[in-house]
Amino acid sequence: MRILLVEDDDRFADALATALRRHGHHVERARSAAEAQAAAEDAARELVLLDLGLPDLDGVDLLRRLRADSRIGIIVVTARGEEAQRVRGLRAGADDYIVKPFGVAELEARMEAVMRRVRSHRPTARGTSTYGPLDVDEVGRAVRVNGVDVRLTRKEFDLLNALVRADGAVIGRDGLLAEVWQTTWQGGARTLEVHIASLRAKLGDPGLIETVRGMGYRMRTL
């Protein structure tokens, strides 16, 4: 795998790059946001490991810029482990989030999962995405499963679209309530559960939307 490691800590970066190369990966290092943006333009790059504590730009701002330009896999690798920071990173476009310190085996597993999601999520026509058996037309607000139209309510479509755009990453219940219903009211959790159950039934595969206990929901890894 061709990896861009964005990390300004020389000691940590050297150790991680060495470990990844031993596992057969090609690793290039960027020490700043400016270097990262230039290096990310390489079309052969497959995955970015991104530290948030960069000297020239907040890592979340860099994450947004990278995501705006590319569907490349991005895993945040940081010491910022607070829930608010994780939610901020995931909502900015990260495919996954791992907190230092961590084992290389765990990172490898997360990298493999992200790349499966990235490769299965293929953009087609403008505003249309394919995720496994799903075709989601964001402009026309239409959904097809294995080529068959599925009729969804407005909120069901918004909910499914949010999950599909997350490419298999977990979205917390609060995040879904804020994005789809524009509320963080705790009583909305029941409404969310009802809509998830309805979506599962209409999509014909209850396992396509997974519940991650204590966290939220995600599309099944393909």
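**Sheet, helices and a buried strand**

Author: Ile 171 stands opposite Tyr 217 in E13. This is a predicted model, in which local features need pLDDT of at least 70 and side-chain atom pairs count only at pLDDT 80 or more, while totals for chains, interfaces and linings use all residues. Residues are numbered from 1 along each chain as its sequence is written, and side-chain values use heavy atoms, with hydrogens and water left out.

Reader: How many bridges pair E11 and strand E13, and in which sense?

Author: Two bridges pair E11 with strand E13 (residues 216-219), in the antiparallel sense; strands count as paired if DSSP finds at least two bridges between them, and the strands (E, at least two residues) and helices (H or I, at least four) are DSSP runs numbered from the N terminus.

Reader: What is the order of the open sheet, and which strands stand at the edges?

Author: The three strands follow the order E11-E13-E12, with antiparallel pairing. E11 (171-172) and E12 (209-212) are the edge strands, each with a single partner strand, so one side of each has no neighbour in the sheet.

Reader: Which strands does H6 touch?

Author: H6 packs on the sheet and touches E11, E12 and E13 (contact meaning heavy atoms within 4.5 Å), and its direction makes about 70° with that of E13. Such angles run from 0 to 180 degrees between N-to-C directions, with axes fitted to C-alpha atoms, for helices over the stretch in contact.

Reader: And at what angle do H6 and H7 pack?

Author: Helix H6 (residues 154-165) packs against helix H7 (residues 173-181) at an angle of about 130°, the axes being 10 Å apart. That makes H6 oblique to H7, since angles under 35 degrees count as roughly parallel, over 145 as roughly antiparallel, 65 to 115 as roughly perpendicular and the rest as oblique.

Reader: Which residues in H6 and H7 meet?

Author: From H6, Lys 155, Asp 158, Leu 159, Ala 162, Leu 163 and Arg 165 meet Leu 176, Glu 179, Val 180 and Trp 181 of H7.

Reader: Changing topic, is strand E4 mostly covered or mostly uncovered?

Author: Strand E4 (residues 73-78) is mostly covered, with six of its six residues buried, where buried means under 20% relative accessible area, exposed over 50% and partly exposed in between (1.4 Å probe, protein chains only). Gly 73, Ile 75 and Val 77 point one way from E4, and Ile 74, Val 76 and Thr 78 the other way.

Reader: Which strand is joined to E4, and by how many bridges?

Author: Strand E3 (residues 47-50) is joined to E4 by four bridges, and the two run parallel; Val 48 stands opposite Ile 74 in E4.
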